[in-house]
Amino acid sequence: MNKKSKALLPVLKNTKLNSTHFVLSLQLPANHPEIWPGQFVEVLVEGSPDTFLRRPISVHDVDEKNHTLDLLVKIVGAGTEKLSHLHEGDQLDIVYPLGHGFSLARQDQKVLLAGGGCGVAPMLYLARKLKEAGADCCVAIGGKTSADILTADAYSKLAQVAILTEDGSKGDKGMITAHPWFGAELKSFSKVYVCGPDPMMKAIGQLATDAGVYCEVSLENLMACGIGSCLCCTVSTHEGNVRACMEGPVFDVTKLKDWNHNPVCHG
Amino acid sequence: MADLKVNIGNLELQNPVLTASGTFGYGYEFEDFLDINKLGGIIVKGTTLEPRQGNAYPRMAETAAGMLNAVGLQNKGVRVFIDEILPKIKHYQSRIIVNLAGSKVEDYTEAARILNEVNDVPAIELNVSCPNVKTGGMAFGTSCASLTEVVKAVRSVYKKHLMVKLSPNVTNIAEFAKTAEDCGADSVSVINTLMGMAIDAETRKPKLSTITGGLSGPAIKPVALRMVWQCSKAVKIPIIGLGGIMNATDAIEFMLAGATAIQVGTANFINPSVAEEIVDGINEYCDRQGVKQVSELIGAMRV
């Protein structure tokens, strides 16, 4: 198992993607614990009693050569808003790497990655690892409008990319599931990986299950500790209640019993 | 280097720092972040006679300087604890204390009887104050008559150290401390969570599936400190103080108010290394203040 660590990481840069999303690049120590795609970190927001708990944020990308960790963050409340003001030279108190991430694929397997809105965050590092493993990747990125399509350019060297928006302001018009990859072509994939809003994950999970294709989804539950002790992030599975932060956040979709109706995260 | 040893009745702790039930798992979840052997003890997750699945999601809401939880005593039951979990943690030098919960008096006594025979668990903390279960739980701890019934029943079958965790959701907590003492408790832990609630104004929905839950964190510290002080004046048995302790200074304040030992709870979620940092911080405080034995601090508030 990966060793977990609590560390103060220097902020290398804060890249604004649009008015509500940004990417924080952090400097990892050279001897950092191994980080796996689909894992997450717990970030401390300092200096405000209203942001008492750490914020769980998924790993967006890791540069193993330069020891950097990127977090793609959406501003959804006071905590993430505060994080959006970090800049080069600041330090971030994080606990990492946490949770059980995605499984990889074998060489020559064809796999489909689907990210909805900010849910695209964990897909970049996953696509990088899959490419290294020799898998053939297709990445579908969906959103309501062009403002929800994030980091699409980063995938061009790693995968075939499809973009869909509900209003047609970028890429093809329609829901992500309108793409042929989720229709007639779905059976040609060995695995499907999904992260996005619950309805999207549920819909793709059902399509994959019906087509007999193995599918992993990454859940975003409210959490306190992130290390398996508080039991707040519970997920209902066919094997009983389990912890999103330990047994997940990535789950084989067929193991899930009831989908949580996620309220707004403590942003 | 001060002598950090304290005795809670017949139970010696290498230092006064315990981790609170439900905030530290079974200890091993924190092995990457601190040396568990350096703690006075760990109080494991609320354990019941039979397994419990706990409450529906969402079970947690962040609040100002704190959080609400409504986990509902999810655990695998006392037998699984003894057979599968205890073997993994009994090597720790810190004391292992089981927080014992139930919905009926017979559940408490049956589980207490089982735990009485188990080596490596020198104490139980009787949870009569959980606000998150439909039956039992806090109901036992908010009436002196039912508290008397459950503490007497457990005392009659449990021969080792019996700690009773009191509910703050009462008018006069000192009466409950006295009741526990009169029924044979060896110590009382003060306090469990305060019952609270949170609403999302936009959706007009409660933030917890159970509507109400237990408030913890620094928001409750002044209340907890006051209750420890009140209880310490009412009973002779030792008091274990908890409620919003985030650092060594907070821990010292609880001892000055009358606690013999303290528990670190919600702080473990924010800083998984904090319990060990508090042990070190208490030691530094003692050195700075010329305190030779940490037990000198118990009830040493100057008024």
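Me: How many Å does helix α3 of chain A reach from its first C-alpha to its last?
Reply: In this predicted model, α3 of chain A spans residues 198-211, which makes 14 residues. At 1.5 Å a residue, the expected reach is 20 Å. The reach in the model is close to that, at 20 Å.

Me: Why are the buried residues of α3(A) on the same side?
Reply: The buried residues of α3(A) are A:Met200, A:Met201, A:Ile204, A:Gly205 and A:Ala208. They lie on the same side of α3(A) because the arc they cover around the axis is only 125°.

Me: Which residues are exposed on the other side of α3(A)?
Reply: The buried residues of α3(A) are covered by elements of chain A that include β7 (110-116), β11 (191-195) and β12 (214-218). On the other side of the helix, the exposed residues are A:Pro199 and A:Asp210.

Me: How many residues of the side of chain B that touches chain A are charged?
Reply: The contact takes 26 residues from chain A and 28 from chain B. On the chain B side, β5 (60-63), β6 (66-69) and α8 (267-270) each supply at least two residues. That side divides into 12 nonpolar and 10 polar residues, and the number charged is six.

Definitions and conventions. Residues numbered from 1 in each chain as written. Chains lettered and ligands numbered in written order. Predicted model: local features only at pLDDT ≥ 70, side-chain atom pairs only at ≥ 80, totals over all residues. Helix = DSSP H or I, 4+ residues; strand = E, 2+ residues; numbered from the N terminus. Expected span 1.5 Å × (residues − 1). Buried ≥ 20, exposed ≤ 12 C-beta atoms within 10 Å, placed from the backbone. Arc of directions from axis to C-beta. Contact = placed C-beta atoms within 7 Å. Nonpolar A, V, L, I, M, F, W, Y, C, P; charged D, E, K, R; others polar.
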